Amino acid sequence: MEYESIKESLGPCGLCCETCFAHGNGDIRRYSQKLKEKLGNFEPYAKRFETLLGQPIFKKYPDFKEMLDYLASENCRGCRNEQCRLFKNCGVRPCHQEKQVDFCHQCKEFPCHRTNFDERLYEIWVRINEKIKSKGLEQYYEGTKTRPRYV
Ligand code: SF4
Ligand code: SF4
């Protein structure tokens, strides 16, 4: 895969936008839409199944549906195209433009303290940029694009 298309799928921090729940073309949104479509008008059936099957879990269907509707509606275009909706205070996005690098590992100040990330995210950021540096962008991307983002 070409550098430019891989770059489009990853933020300058190295995190994969495609695996984010908020990404418009991500699997989470796509599968949520598919599940919504397959469930159709499930709500009255959930009420019936609660009685027929004696399963109180069906009482929770409206909450599940609300969450599913939300996941199916997200439409972020990724960090290269708009400000991240999750990390509103992200320091990397404006900074990489200023430093004129595509990824933080290419920057001579890496690892810096401009990210505004919390401790956990900072550690992940350092780890993934070191991985990109040692394994190369393509190999890193091939590994990360199929792994769940939320582990
Ligand atoms: S820019 Fe932020 S909200 Fe949008 S897909 Fe990437 S990580 Fe998710
Ligand atoms: S200064 Fe830090 S946040 Fe900015 S591009 Fe370099 S490594 Fe990334």
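F87 is partly exposed, with 19 other C-beta atoms within 10 Å. The scale counts C-beta atoms, placed from the backbone, within 10 Å of a residue's own: 20 or more others make it buried, 12 or fewer make it exposed, and anything in between is partly exposed. The model is predicted, so local features need pLDDT of at least 70 and side-chain atom pairs count only at pLDDT 80 or more, while totals for chains, interfaces and linings use all residues. Residues are numbered from 1 along each chain as its sequence is written, and chains are lettered from A and ligands numbered from 1 in the order in which they are written.

F87 sits in the loop between helix 4 (61–73) and helix 5. Helices here are DSSP runs of H or I with at least four residues, strands are runs of E with at least two, and both are numbered from the N terminus. F117 is 30 residues away in sequence, yet the C-alpha atoms of F87 and F117 are 8.2 Å apart in space.

Now the loop between helix 5 (92–99) and helix 6. P111 lies there. The peptide bond joining F110 and P111 is cis, with omega of about -5°. Q100 belongs to this loop. Its phi is positive, about 55°, although Q100 is not a glycine. Q100 is exposed, with 8 other C-beta atoms within 10 Å. N116 is in the loop between helix 5 and helix 6 as well. N116 is not a glycine, but has a positive phi of about 65°. N116 counts as partly exposed, with 14 C-beta neighbours inside 10 Å.

Two ligands come next. Ligand 2 is surrounded by 13 residues, and the closest are C95, C104, C107, F110 and C112. A residue joins such a shell if its C-beta atom, placed from the backbone, lies within 6 Å of the molecule. The shell of ligand 2 holds seven nonpolar, three polar and three charged residues. Ala, Val, Leu, Ile, Met, Phe, Trp, Tyr, Cys and Pro count as nonpolar, Asp, Glu, Lys and Arg as charged, and the others, Gly among them, as polar. Around ligand 1 the residues include C76, G78, C79, C84, R85 and L86. That shell has seven nonpolar, three polar and one charged.

K131, I132 and K135 in helix 6 meet L137, Q139 and Y140 in helix 7. Contact requires C-beta atoms, placed from the backbone, within 7 Å.

Last, the whole chain. It has seven helices and zero strands. Along its principal axes the C-alpha trace spans about 65 × 30 × 25 Å. Buried residues make up 21% of the 151 residues.

Definitions and conventions:
Two residues are in contact if their C-beta atoms, placed from the backbone, lie within 7 Å.
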